[in-house]
Amino acid sequence: MAWLILQRLGLGVITLVLVSMLVFTGTEILPGDVAAAILGQNATPESLAALRQELGLDSGPVARYLAWASGILHGDLGQSLANRQPVGELLWPRFGNTMALAGYAAVIAVPLAVGLGISSAALRGSFFDRAANVVALATVSLPEYFLGLLLILFVSVQWGLLPSLADTWSGMGLAAWLQATTLPMLVLVLVTVAQIMRMTRTTVLAVMDQPFIETACLKGLPMGRVVLVHAVPNALGPTINVVAFNLTYLIAGVVLVETIFNYNGLGRFMVDAVSKRDVPMVQAAAMVFAAVHVVMNMLADIAAIALNPRLRHPRVKES
Amino acid sequence: MSHVLQIRDLRVEAPDGTVLLHGVSLDLNPGEVLGLIGESGAGKSTVALASMGYGRGGCRITGGEIRLAGTEMRTAPRQTREALRGTRIAYVAQSAAAAFNPAMRLERQILEVPRVHGLMNEAEARVWMTDLFSALQLPDPEHFGRRFPHQVSGGQLQRAMIAMAMAGKPDILVLDEPTTALDVTTQIEVLRLLRDVIRRYGTAALYITHDLAVIAQIADRLMVLRNGREVETGPTAALLDTPQQDYTRLLVAERHGSLTASQRMHNPGKDELLAIEGVDAFYGRTQVLHDVSLRLNRGETLAVVGESGSGKSTLARLIAGLLPPARGEVRLDGARLPPELSQRDNAQLRRVQLVYQLPDVALNPHQTVGEAIGRPLALFGGLRGRALKDEVARLLDQIGLPACFAARLPGALSGGQKQRVCIARALAAKPDLLICDEVTSALDPLVAEDILRLLLQLQNELGIAYLFITHDLSVVRRLADRVMVMQTGRIIETAGTATLFATPEQAYTRRLLAAVPELRTNWLDEVTAAH
Amino acid sequence: MTLPVFGRIPLSAVFGTLILAGTLVLFLFGPMLAPYGQEDVLGMPFAEPSAAHPLGLDQNGRDMMSRLLHGARMSVGVSLTAVVISFCIGVPLGFLAALRGGWPDLIGARLVDIVMSIPVLISALVVLQALGSSLPVLIGTIALLDSTRVFRLARILAQGIVVMEYAEVARLRGEGLWWMLRREILPNALPPLMAEFGMRFCFAFLFVAGLSYLGLGVQPPFADWGGMVRDCQQGILYGLYAPLFPAGTIALVTIGVNLVVDWALAGRTTIQGENR
């Protein structure tokens with residue numbers, strides 16, 4: 001089993017490297033002249049030459065990639081074209097904000113959703129199950145901006161309970177921060193709870209349909225014990241995968257939510273960078289998001305391996 | 001003497017309203033073993049599960065009375081039924097691998113029964129469990145329970161399941177085809193242990209099976225079921241000797257083997273059709289065939305017999321071209337057959353055809369019968385249009401199905417009908433050799449008998465050679481000219497059928513032959529005494 | 001399934017089908033049904049709903065309902081086109097990879113895994129930054145990114161079918177690639193693929209609208225529902241319902257498709273368990 005885990009780690013590292021290549025290729029596929037496209041109207045022969053040199057466009061793509069990659073490994077993410085500041089200075093604080101918001105949402109969404117999913121699976125066919133399914137289906141279909149705008153309209157504007165803009169700054173204190181970020185958190189929670197709940201339910205039901213659950217029932221065990229002691233432990237591995245999958249979806253959701261509420265996170269910043277064609281910024285932000293995704297998936301994979309009894313207790317060679 | 005189980009006019013319905021049981025009644029005395037016999041769909045499992053107050057897959061008990069230990073199960077509240085399950089009546093499933101929780105140690109699942117029902121404390125329960133392990137002859141009874149289900153062999157897991165059922169000291173054991181999934185040699189061991197345990201602890205049992213020979217060894221009384229109705233009930237020996245009902249007579253006759261060697265009217269030719277010389281085969285790094293050689297003449301039937309893991313199916317795949325040999329060669333009519341499928345030409349592909357065990361997955365659910373049979377006709381015979389349709393009709397007739405079946409999809413056919421279509425599909429290519437891979441193993445005994453009869457008839461008419469792969473020795477006796485016994489990828493013995501059954505040379509062959517249950521109630525005692 | 005049965009079809013599926021039908025009508029006849037033009041300025045910005053303008057006016061004084069009707073073509077059309085293209089790419093490649101096995105399969109699967117390692121929105125942002133947000137680029141990007149998921153599903157389905165005995169029987173007859181794909185694999189893979197088509201459409205539809213909301217999707221002079229939300233979202237701060245109309249329409253269409261897909265998948269666990 002240890003070997004499998006090491007394999008996964010190795011695979012994760014290789015994936016990160018390949019992803020970095022993809023990101024780099026993606027950002028550099030501008031047709032025509034990069035520098036001209038960026039400077040547009042303000043292009044003069046001198047500024048074009050300066051920009052070309054700054055972007056390192058004189059050297060070939062491979063050399064540029066290597067320069068960029070080695071820069072990352074040394075913590076140097078380049079310089080923002082829009083702000084003339086090091087990317088790192090602009091990126092990391094905002095990344096922290098994004099992770100804080102995502103964490104706030106995840107901490108509430110995951111236990112709630114998994115609990116709801118297990119309950120509706122255990123109570124399959126009951127009113128609770130059917131109602132939960134319908135509500136979840138509807139919520140999953142609602143785009144983040146619809147939910148966000150709806151919440152702003154009622155909670156902020158009409159009832160004045162929470163601010164409509166999530167203005168945060170460092171040193172603002174936990175209570176104030178929570179108040180500012182509760183609306184965006186709610187939107188994120190609503191969308192992810194529905195997703196995770198439905199997929200957890202499917203997973204647990206798949207386990208409940210297996211023959212050994214029938215055997216447990218025929219042993220006269222009460223339903224609660226059958227679900228909690230027999231079904232859930234077998235659903236743990238797949239459920240972790242479900243949660244990991246949805247948490248990475250959370251990343252996309254974060255981008256939209258940050259834009260709705262004007263939250264100073266990496267998602268909104270990346271969208272701005274895209275519209276300004278700030279290549280180094282976009283590269284770095286994309287790399288960070290992708291890395292989070294890869295690492296989380298890798299951890300989920302490893303957790304699934306660690307929880308698999310066949311791998312933890314391999315078959316003993318009998319003579 | 002009061003019955004431990006009393007069922008009157010039991011009526012069970014499926015979720016869509018189909019009636020599964022039309023009013024079945026039975027009595028079970030303490031310590032008695034009642035065998036429930038019937039084909040698939042007869043309702044045997046349904047009766048047994050209903051006696052526990054349980055309906056599988058949403059089935060509902062809609063009528064009748066079930067008295068278990070004085071409690072009426074149909075109307076009893078859920079808690080009452082739960083309290084009785086495991087403690088008064090316990091279930092042993094067909095597949096132990098599917099019945100155990102893969103994430104839990106065996107002992108935890110076994111001890112759960114007496115602990116959750118409050119019958120014993122931890123120490124007492126452990127002692128009882130160890131006793132059961134010893135009685136079931138499991139290795140290292142003190143520590144066997146520490147293992148996980150995937151860490152023990154199939155036969156051991158089956159016995160562990162029996163231990164789990166006995167853990168609550170029930171009055172009744174419900175045994176749902178407990179040995180069907182096991183190899184013959186494992187089956188006889190488990191059967192013997194089961195009988196010992198039942199006798200030692202005085203447990204009554206409902207034993208479900210479709211194998212008359214197996215049930216004859218263990219049941220005091222037999223009940224024959226068909227389509228949800230009781231056909232006949234009586235003491236075992238009497239019912240097997242002098243069955244009253246026609247259906248029972250059919251079942252008993254089938255087990256005795258109504259087809260004898262004299263029905264093979266054809267004369268196997270002397271020309272060599274298939275020759276395999278010194279073949280080795282590997283799956284990855286594991287060697288699955290060791291120096292296998294055989295000869296098959298035109299029109300001859302060679303049975304390849306072995307238990308699971310013997311390599312018989314691998315041999316079939318090798319001949320068909322799906323698994324190239326690492327060493328050795330295969331010759332058809334003296335000419336070497338290319339080892340890979342892609343290297344063979346149309347003529348070579350045509351001459352060897354394969355029929356599989358499970359007709360459900362051997363037919364494309366989206367192709368009609370006519371399309372399935374028609375394709376080889378078009379591909380190998382070049383037939384089109386009218387000529388194609390006529391030939392399909394002719395083939396359907398040859399296998400005993402009406403021509404209108406050509407328009408049907410496999411979903412509308414029964415298991416036996418599907419297998420016939422598979423045979424027709426194979427015949428459409430006009431092969432010289434038909435490889436039958438356990439073609440009757442998944443079918444009910446009476447249906448299987450029909451298929452065997454058909455195969456014999458076809459061989460008489462067409463002179464095809466059969467390579468008949470099976471684990472069922474009774475089928476071999478009826479069908480084969482020669483027999484080849486395999487074990488773990490090696491040929492143990494090859495001989496003419498009569499010779500092999502009369503005077504087996506190798507120890508493994510003798511063990512194999514001895515393990516096949518015969519339709520005599522004292523067979524198991526004899527075999528046990530012989531050891 | 002979830003709601004009482006209406007004949008043999010659950011109420012939820014009936015509701016969903018009605019919405020789908022409505023969407024189709026809007027897609028085909030939207031602009032013809034609109035009482036006013038897309039760009040006609042007819043009154044004060046953010047005017048309240050009235051008899052002449054059932055959904056009120058947007059931030060430029062244009063009739064909201066007409067803009068919705070006009071925008072249907074863009075919103076539905078872009079996502080539909082993208083999904084159709086993604087299936088045309090993903091399904092044949094996925095089937096081929098499963099059939100052929102070996103190196104092409106391994107490399108294809110690994111490549112798809114790498115691309116799927118990056119969240120879709122991020123990938124799209126990266127590409128859009130480089131190539132701009134013209135319609136062909138938008139459709140092409142979504143199509144390519146989506147085709148990875150379609151590829152994965154098609155591959156898993158085909159792998160499940162290829163190991164069946166009836167597929168082996170066909171191989172033993174010497175059947176070629178075309179026969180295997182067309183006659184053995186496709187008919188048996190069709191039901192889950194069609195359900196997946198519905199889910200992919202939902203995703204693409206929401207995705208395009210989301211990109212437009214961020215200002216990176218459909219660009220002027222074209223207008224789609226997501227862009228409309230972006231344009232009038234300031235109105236929400238004044239307690240006006242204006243941005244909720246286009247957002248609500250997006251939500252309604254998505255709910256409709258999800259309900260129908262859910263009904264189609266009833267009793268069957270989704271292969272990958274993913275909805276987006």
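Residues are numbered from 1 along each chain as its sequence is written, while chains are lettered from A and ligands numbered from 1 in the order in which they are written. Because the model is predicted, local features need pLDDT of at least 70 and side-chain atom pairs count only at pLDDT 80 or more, whereas totals for chains, interfaces and linings use all residues.

Between chains A and C, 51 residues of chain A are in contact with 46 residues of chain C (two residues are in contact if their C-beta atoms, placed from the backbone, lie within 7 Å). On the side of chain A that touches chain C, at least two residues each are supplied by helices H1 (2-27), H6 (127-141), H7 (144-158), H8 (174-208), H10 (223-261), H11 (266-275) and H12 (279-307) of chain A. Helices (H or I, at least four residues) and strands (E, at least two) are DSSP runs, numbered from the N terminus. H10(A) contributes the largest share of this side, 9 residues. By class, this side of chain A holds 36 nonpolar, 13 polar and 2 charged residues; Ala, Val, Leu, Ile, Met, Phe, Trp, Tyr, Cys and Pro count as nonpolar, Asp, Glu, Lys and Arg as charged, and the others, Gly among them, as polar.

Chain B is divided into domain 1 (5-260) and domain 2 (272-362 + 430-530), with bounds that come from an automatic or database domain assignment. The C-alpha centres of the two domains of chain B lie 33 Å apart. In the contact between them, 25 residues of domain 1 of chain B meet 25 residues of domain 2 of chain B. Helices H7 (184-201), H8 (212-216), H9 (236-241) and H10 (246-256) of chain B each give two or more residues to the domain 1 side, and H7(B) gives the most, with 6 residues. The residues of the domain 1 side divide into 12 nonpolar, 7 polar and 6 charged.

Helices H4 (residues 106-116) and H5 (residues 122-135) of chain B pack at an angle of about 120 degrees, with their axes 10 Å apart. Axes are lines fitted to C-alpha atoms, for helices over the stretch in contact, and angles run from 0 to 180 degrees between N-to-C directions. In this packing, B:Glu107, B:Ile110, B:Leu111, B:Pro114 and B:Arg115 of H4(B) meet B:Glu122, B:Ala125, B:Arg126 and B:Met129 of H5(B). The contact comprises 5 nonpolar, no polar and 4 charged residues.

Strand E1 (residues 5-13) of chain B runs antiparallel to strand E2 (residues 19-28) of chain B, joined by 7 bridges (two strands pair if DSSP finds at least two bridges between them). B:Val12 has B:Leu21 in E2(B) as its bridge partner. E1(B) and E2(B) form a hairpin with 5 residues between them, and B:Gly17 in the turn has a positive phi of about 100 degrees. E1(B) also pairs in the antiparallel sense with strand E4 (residues 60-68) of chain B over 7 bridges, where B:Glu13 is partnered by B:Arg60 in E4(B).

An open sheet of 4 strands in chain B has the order E12-E11-E14-E15, with antiparallel pairing. Strands E12 (286-297) and E15 (335-336) of chain B stand at the edges with a single partner strand each, so one side of each is left without a neighbour in the sheet. Helix H11 (residues 312-320) of chain B packs on the sheet and touches strand E11 (272-283), E12 and E14 of chain B.
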